[in-house]
Amino acid sequence: MLKWYFHRKERHLASLGAERKTGEFDWGLKYLGIEGPDGRSPRDLLKEFSENAILNSEGFFSSALEPNFKQEKRIYPSIQQINPKSNGNGKIPGSKSLEAEFVIWESLIKTDSEENNLAEALYLKAENKKDAAVIVLPHWNAQAGSYLDLCRFLNRVGISALRLTLPYHESRRPPEINRADYLISPNIGRTLQSVRQAVIDTRTAARWLKDQGYEKIGIVGTSIGSCVAFLAFAHDKSINAAVFNHVSGYFADVVWRGISTKHVRAGLGDHITLEELRKYWMPISPLAYLDRLKNDELRPQRYIYALYDLSFPVDLSRATIKALEKESIRHSRVVFPCGHYTLGERPWVYLDGWAIINFLHRHLKRRHLKDGK
C-alpha cells in the first residue's frame, strides 16, 4: 500500500514543470576533443576515451588554468526546493528575496555556450566564522532560489554555504533550451563534457573557499548533484566530509531506468545498449572511483536514499552500499520510506535536512575527525 502510494505520487510530481523534449541521439565526439573518426567507429573511439579518462581521472577532473574570481551582490529569490505547487508559482508563501553575494569565474572547461562558460555560486557566510564551509550542489533543473533554506540552516549552526549553479542551469542556460537538457542528454559526448565541467567547477569552488581561509570544507549534492559531489570528493582531498543525497553507482543505469530521464532514454532509442552506455559513461560513474576512498577514514561520508525512488531505483542504491561494504569503505547511511521527489516534501524534507546538517556539523565543526559514523 505504501509503495503504491509513493510510486503514484512520484509519477505525478515527475510530470510537473517544463515539458521534457526528446533530444536527438549523437555520439558527441567533438565535445571530447576527438577529431574525426580516424577510420574507427564511434564506439571504439568512445571506449578508448572512457578507459583513458578513468585511468587518468586526476587530469580528467582538473585543469591547469588559473581561475579569476570576482564577487558581486544581487537580489536572489527564495523558492521552494522541489515541490512546484506550493502556491502556484513555485514560491514559498511569505518567503522573501534577499540581497546575496555571488562568486563568479570563467569555467575552466569551455563549451559552445557563452552563458554556460560563466560559473557562479551563491555565497552565504556564517557570521564571523571561517572554520567550516559547505558546497551545495542542487538537483537537475533546480531553479534559482532552491536550497536557500538549507544554506540558511547551515549558517545557523555556524557553517558558511556556497551554492553552486550547475552547468546549463539558471543564468548559465543558453536561450535555445527551456530546461538544462545539455547536462544530461542522448548526446553521449556532451553529457561527459557537462558532468566533467560540473566536477571541475566544484573543485574550483573548493579552491576559492580554501583561499578565503576556511579550515574545513564539506560538500552535499542532491540527485545529479550527488554524483558530481562524489566525483569531486573522490578526487579532491581538500574536501573533508560529504553527504550524497540519492545514490547510484552507475550514471547510465539511472538515465536508462529513471522516470525523470524517460525523455533521454527515448532519445537514445535503439542506437545503443545499456551495457554500452554504462561503459561510455563510466568516467562519470561513482563506482569507477571507489578505490580512491579506501583507507580514507578521516573524511566521513554519508549516503542517503529512498525506498520508493523511481528516479534512482532503490536496487541501484543498495548495490552501491554493498560495493562500499565490499571495499571496506567506512560510511554512514540513512534510508527514508518515501520517494525521490517526495523527499523534497514535508515531513521528509525536514528529516532529510536534519540528516544532512547534523552530519556535516558533527564532522566539520569539531577539530579532529575520528570516524565516518
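## Position of I239

I239 sits in the loop between α6 (224–235) and β7 (241–245), where helices (H or I, at least four residues) and strands (E, at least two) are DSSP runs, numbered from the N terminus. With a relative accessible area of 0%, I239 is buried; buried means under 20% relative accessible area, exposed over 50%, and partly exposed in between, with a 1.4 Å probe and protein chains only. The C-alpha atoms of I239 and G267 are separated by 36 Å, and these residues are 28 apart along the chain.

## Basis of the model

This is a predicted model, in which local features need pLDDT of at least 70 and side-chain atom pairs count only at pLDDT 80 or more, whereas totals for chains, interfaces and linings use all residues. Residues are numbered from 1 along each chain as its sequence is written, and side-chain values use heavy atoms, with hydrogens and water left out.

## Salt bridges

The structure holds 23 salt bridges, a salt bridge being a side-chain nitrogen of Lys or Arg within 4 Å of a carboxyl oxygen of Asp or Glu. One of them joins E120 to R74, with the closest N and O atoms 3.1 Å apart. This pair links distant parts of the chain, since E120 belongs to strand β3 (residues 118–124) and R74 to strand β1 (residues 70–76), 46 residues apart. E120 is buried, at a relative accessible area of 6%, while R74 is partly exposed, at 25%.

K365 forms a salt bridge with D131, and here the closest N and O atoms are 2.8 Å apart. K365 lies in the segment after α11 (348–364) and D131 in the loop between β3 and β4 (132–137), so the pair ties together parts that are 234 residues apart in sequence. K365 counts as partly exposed at 23% relative accessibility, and D131 is partly exposed with a relative accessible area of 23%. In the salt bridge between D181 and R179 the closest N and O atoms are 3.4 Å apart, and both D181 and R179 are buried. A network of salt bridges links E58, R203, D236 and R292.

## Aromatic pairs

Rings of Phe, Tyr and Trp (its six-membered ring) pair if their centres lie within 6.5 Å, and planes under 30 degrees apart count as stacked, over 60 as edge-to-face and the rest as tilted. By this rule the count comes to 15 aromatic pairs. Among them, Y168 and Y182 form an edge-to-face pair, at 5.3 Å centre to centre and with 90° between the planes. Y168 and Y182 both lie in the loop between β5 (160–164) and α5 (188–211), so the pair ties together parts that are 14 residues apart in sequence. Y168 is buried, and so is Y182.

The rings of F251 and W281 have their centres 5.3 Å apart and their planes at 85°, so this pair is edge-to-face. F251 lies in helix α7 (residues 251–257) and W281 in the loop between α9 (274–280) and β8 (301–306), so the pair ties together parts that are 30 residues apart in sequence. Both F251 and W281 are buried. One aromatic cluster is formed by Y5, F6, Y308 and W348.

## Surface patches

Patches are made of residues with over 30% relative accessible area and no salt bridge, where like charges are joined within 9 Å and nonpolar side chains (Val, Leu, Ile, Met, Phe, Trp, Tyr) within 5 Å. E106, E114, E115 and E176 form a negative surface patch.

A nonpolar patch on the surface is formed by M1, L2, W4 and Y5, with about 530 Å² of accessible area together, the areas coming from the Shrake-Rupley method with a 1.4 Å probe. L2 is found in helix α1 (residues 2–14) and counts as partly exposed at 45% relative accessibility.

## Backbone features

The peptide bond from R346 to P347 is cis, with omega near 0°, and P347 is placed in the loop between β9 (332–336) and α11.

Phi of E170 is near 50°, a positive value in a residue other than glycine. E170 is placed in the loop between β5 and α5 and counts as partly exposed at 21% relative accessibility. Phi of S223 is likewise positive, near 60°, in a residue other than glycine; S223 is found in the loop between β6 (216–222) and α6, and at 9% relative accessibility S223 counts as buried.

Note on methods
Lys and Arg count as positive and Asp and Glu as negative; His and the chain ends are not counted. The place of a charge is taken as NZ of Lys, CZ of Arg, CG of Asp or CD of Glu.
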